[in-house]
Amino acid sequence: MSVKVDLNQLADALEDFDSGYLLSVSPEGRVKVVSVEARLDDGRLVAATPGKGTAANIAVNSCVTVLFAPREFQGMSLIVDGRAELTDSDVWIVPEVAVLHRPAAHSPAPNAPGDCTNDCQPLGEH
């Protein structure tokens, strides 16, 4: 079962997570993953520019994902999809969709009826 939550609640959700992983894609389709310290500022995730490879990927494909792993065993991950923009010193990511996610096998509650095999909670979408 999914419960939609407005992206305005992203700041509250981020309080439960530490550093994240920024995923970008090269023109060849190779995913690059780098660790980032992201903070929410005026509705954008902001992180220090993570390096030349990621910057090159963002320059040709602004679609990125930031994954925040759970602090506790079998907790929920926060996954934020958005559009990235490079500045002189940072990468700005405008969130488009965010979900709290974990495999259903890790959930303390029974699985929801239907075909969903994961325990997901959307945080909103445009």
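1. Where is S77 found? S77 is in strand 6. Strands here are DSSP runs of E with at least two residues, helices are runs of H or I with at least four, and both are numbered from the N terminus. S77 counts as buried because its relative accessible area is 15%; buried means under 20%, exposed over 50%, and partly exposed in between (1.4 Å probe, protein chains only). Leaving out residues up to four places away in sequence, S77 touches F17, L67, F68, A69, P70, V99, L100 and H101. Contact means heavy atoms within 4.5 Å.

2. A word on the basis. This is a predicted model, in which local features need pLDDT of at least 70, side-chain atom pairs count only at pLDDT 80 or more, and totals for chains, interfaces and linings use all residues. Residues are numbered from 1 along each chain as its sequence is written, and side-chain values use heavy atoms, with hydrogens and water left out.

3. Overall layout. The chain has two helices and eight strands. From the N terminus, the order is α-β-β-β-β-α-β-β-β-β. The chain has 126 residues, of which 34% count as buried. Take the contacts between residues at least 6 apart in sequence: 53% of them join residues at least 24 apart. The accessible surface comes to about 7,600 Å², and 51% of this belongs to carbon and sulfur atoms. These areas come from the Shrake-Rupley method with a 1.4 Å probe; for residues, only the protein chains shown count as cover.

4. The core. The largest nonpolar core has 22 residues. Such a core is a set of buried Ala, Val, Leu, Ile, Met, Phe, Trp, Tyr and Cys residues joined through side-chain atoms within 4.5 Å. L22, V66, F68, L78, V80, V91 and I93 have the most contacts inside it. Two or more residues come from each of helix 1 (10–14), strand 2 (31–36), strand 4, strand 5 (63–68), strand 6 (77–86) and strand 7 (90–103). Strand 7 gives the most, with four residues. In soluble globular proteins, nonpolar side chains tend to be buried together.

5. I93 in detail. Neighbours within four places in sequence aside, I93 is in contact with L22, R44, L45, V64, V66, G82, R83 and A84. L22 and V66 are also among the core residues with the most contacts.

6. D90 deserves a look. D90 lies in strand 7. Beyond four places in sequence, D90 is in contact with V46, A47, A48, T49 and E85.

7. Strand 3 (residues 39–41) and strand 4 (residues 44–48) pair in the antiparallel sense over three bridges. Pairing requires at least two bridges found by DSSP. D41 stands opposite R44. D42 counts as exposed because its relative accessibility is 70%.

8. Another positive phi. Q74 sits in the loop between strand 5 and strand 6. Its phi is near 60°, a positive value in a residue other than glycine. Q74 is partly exposed, with a relative accessible area of 31%. Most residues other than glycine have a negative phi.
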